Number of protein chains: 2
Amino acid sequence: MTSSHPMRTAAELASALDLPAAVVRPYGHHMAKIDHRLAAEDLRPGGRTVLVTAINPTPAGEGKTVNTIGLSMALTARGKRAVATLRQPSMGPVFGVKGGGAGGGACQMRPMTDVNLHLTGDFHAVAAANNLLAAALDTSLLLDNPLKIDPERVTWRRVVDMNDRALREVRVGLGGTKNGVPRDGAFDITAASEIMAILALATSISDLRARLGRIQIGESLVDEPVTAEELGAAGAMAVVLRDALDPTLVQTSEGTPVLVHAGPFANIAQGNCSAIADRMAANLGDYVVTEAGFGSDMGAEKYFNIKCRVTGMRPDCAVLVVTARALKFHSGRFKVKPGRPLPTELAEENLDALAEGCSNLEAHLANLAAHGVPVVVAINTFPGDTDAEHALIRERALAAGARAVAKSEVFTKGSDGGLEVADAVIAAAESGEARFRHAYEVTDRVPTKVEALVRGIYGGERAAFSPQASEQLARLESRGQADLPICVAKTQYSLSHDPALLGRPTGFEFPVRELRHYAGAGILVPLAGEVMTMPGLGRRPAFKGIDLAPDGTIIGLT
Amino acid sequence: MTSSHPMRTAAELASALDLPAAVVRPYGHHMAKIDHRLAAEDLRPGGRTVLVTAINPTPAGEGKTVNTIGLSMALTARGKRAVATLRQPSMGPVFGVKGGGAGGGACQMRPMTDVNLHLTGDFHAVAAANNLLAAALDTSLLLDNPLKIDPERVTWRRVVDMNDRALREVRVGLGGTKNGVPRDGAFDITAASEIMAILALATSISDLRARLGRIQIGESLVDEPVTAEELGAAGAMAVVLRDALDPTLVQTSEGTPVLVHAGPFANIAQGNCSAIADRMAANLGDYVVTEAGFGSDMGAEKYFNIKCRVTGMRPDCAVLVVTARALKFHSGRFKVKPGRPLPTELAEENLDALAEGCSNLEAHLANLAAHGVPVVVAINTFPGDTDAEHALIRERALAAGARAVAKSEVFTKGSDGGLEVADAVIAAAESGEARFRHAYEVTDRVPTKVEALVRGIYGGERAAFSPQASEQLARLESRGQADLPICVAKTQYSLSHDPALLGRPTGFEFPVRELRHYAGAGILVPLAGEVMTMPGLGRRPAFKGIDLAPDGTIIGLT
């Protein structure tokens, strides 16, 4: 089942899911937007939800998207009606370091180039809504400033879906009083926009509209928050986002349905596809297979503590994707640079390094156990792996509480290479063993919530709030705005805030340098360490290898 | 034929045009992208092309889009197979002052909200390609600067499809050496991007790719132009734009086909929909009805001297849309402010003011005659108009060389209100009277070309190049890059560079303050007077009246 399946038309896909034509809007022949209102219905009883997460990855990625797709295909091969839910890739990484986000090998989302580029335009809509609000606020500031916006305390940032480091810090409104009030400004990548967070968490048009209105763009000269509603922009922003509220139906290499919706990064945002996509998938299939970005400390934690609070869904099983190479990397013995190929030694057997690096795997198993979810460890195999390495991973994982360990060869073999994982997942999900619980209560104080993550998930000693973060916290608490879930922005390469701390670091202090309040999304975003909300291009950006042939064939986009 | 026609599906529309399914990609149920390669075929013999233009408008617009749509419907009613070609509206004006650009009354493009918002994503693709190049150049500048880009002479600007005056002048690359090389930067509105000009002029994927490669982003420290090709970005930009090269098929209120493609503004760019759309329409219909933006001094001139050079098409007839209110306004007796309703006195009979303002009409008739095209004057009627006013317009127009004058009531009556215009257009177009000629030769020197427009079209005395423009000109000539058509950026409210000079100003000096070189688009852009390539929002922006109802209905978007 690995070779070239013919792509199904969007109409065929929709029909296989028993979708009535009225809820399906085609975009080209192989994509369709599905009416978001399907997600509002009561969830079908008996459906299962599987979360796919990973250990802390190398910059090359450990195959989480590939395994999410592969698992949905293997479950289908086992007679389960599976629907995968995934984020839309950002053009930043597509043209930057990491490349596309549509899977690879025998496990891709199709049509692959559309998924990696514009898809059905949702990222563009997010950016347009975000930047409409920015233009509205700067214009209001310039023309009589009726809301008394303090230019020094504007926190709303413009966005662009591009790795553009020159926009990290800018000065806007220059050139005279016809243009604007000069002030320091900044651009984030679109995936980090609060609008993206809102799109990923909204449950209906009314909810979207209300969330947009609650967005706070900064503070007034009399210390009051200023909202998008007060600027009169929230209605128009909702209009811009209307079609984006509908997930896009695409398919895997083997024709299983995938809902792609929203694309917040997992390091600097909540790292999960939309609540609407998950609920819709639950209403269409027996199994929802959803991916959370990066490790269990990042996307999975946010899945449990942010997204599940919105969807009301409870995961039945987690799949933890590991690779021998990444575990060896966690020994700290290898030098890896983003944008460069991984060192060839990582592809050679090294049981000592692997044994050391397994501490990282153990931490992630503990994190998932802390949320009460049984775990299947999926060893994503690579050509250089040895049986001895796989045996060691199996032994350590089982000892640390994994319910099962299974080899995955989906990259090369498609569903055939994922049956072992699928069988283990079915056994776990249908065992009824899951006792899902959150890591904190939203009504806990913010330092309590952050420390629950620092100590309970990251393995650190305590959280240290900078003076700026403390001041932001005091203001939030005085306004009664602090009872929100936490969405930490930190490096994905370490369980800690410091990418150099590999394996399973302990005893560290977790520095919160800034605390952003996304009043519309309903989350608090502590920024830790040097994490940035606008990536940069490097010396060898992917775009240089991408081209368009005269016949329209896209070259070099993977 | 004016009341609510049911919308035809995109498949029905395509089928009525005998389009094979292989060239049609649906976007929703009522829009489709059509394979651009249809435009490459030899043009069908015997087809007619009608250009719709106007006098200098008031800020409210004089109904040119409405009359383009109405004419295509009336021609259809007369048994002609008509295809309209129009630009995609920009979200800047939609949320700013002017409102939507999809027509109005009984003459709209449908689905109206899609046309006014994202359509099929082409504007977003243009912005993404534009900003990818910006990120590439700033990164190259920062990381070793291998092309020796001079930061002081970067001319490439970022874009956003928004009226955002705070971005007219910015400083980028701030915050330290990890972020960028600090330099003055600027954002234009997407419609002013050279990429938009390229999309509107490209004839094939190869041509698109080649044009992107030729884009010059600025100069090196050793005075050489630096291109997108040298930055390695042109291939990825072409990939981003691939789908945008296909026009979007929509329909009028009465179901006649419309190709919407590209959206350069007529004051600051070439003001016409794409060459591909015109050629495709010519291969699908008996009559191409295309709109050029603003007056004959703006979009029509650029249609004749830029677009027709690319398409190889020759217009058979021009329609000059006039309104009594705008002609009265050209008397100079009324005060009009953008963003405010027109003064009510403009809706009252005033034959003196009208007689004075008719000088503007006469100038536009002369401009069209200079290009050898027979002209039908279409009086776009408004409720307050009187018969005496219409008679005066008719008399003056015929005396000034109009082939025919006809009343248009398409706004209220649809095709029924456009039959008089349609009959006059058929008579003119099929008369064989057209003797199309350009206003200048591309091989003329730049000052000669600009003065051909200043004296021959705008009615001025001479062009005056600023020291900056003269220096830019000298550089272009020394590099042999000056043999290109001219695309003047100036106000649309006057035949001159000065919006205060109404009617038919003469004797003025036309100030060229800057001369931009769009090497990829293959045009030279003289900027005259105070024209800006980034509009601003005002005190009463349209977005404040726009909202989304819980059932998904869009409110206030017109």
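**Interfaces between chains and between domains**

The contact (heavy atoms within 4.5 Å) takes 71 residues from chain A and 71 residues from chain B. This is a predicted model, in which local features need pLDDT of at least 70 and side-chain atom pairs count only at pLDDT 80 or more, while totals for chains, interfaces and linings use all residues. Residues are numbered from 1 along each chain as its sequence is written, chains are lettered from A in the order in which they are written, and side-chain values use heavy atoms, with hydrogens and water left out.

Between them, chain A and chain B bury about 6000 Å² (accessible area, 1.4 Å probe, that two parts lose on being put together, summed over both), and 63% of it is on carbon and sulfur atoms. Six salt bridges (a side-chain nitrogen of Lys or Arg within 4 Å of a carboxyl oxygen of Asp or Glu) cross this interface. One of them joins Arg158(A) to Asp164(B), with the closest N and O atoms 2.9 Å apart.

Within chain A, the domain assignment, automatic or from a database, gives domain 1 (44-87 + 264-429), domain 2 (122-243) and domain 3 (446-528). Domains 2 and 3 of chain A have C-alpha centres 24 Å apart, and the area buried between them is about 950 Å², with 40% from carbon and sulfur atoms. Glu194(A), Gln216(A) and Glu219(A) lose the most area on the domain 2 side, together 43% of what that side buries. Three salt bridges are counted between these two domains; Asp188(A) and Arg516(A) also meet in a salt bridge, at 3.7 Å from N to O.
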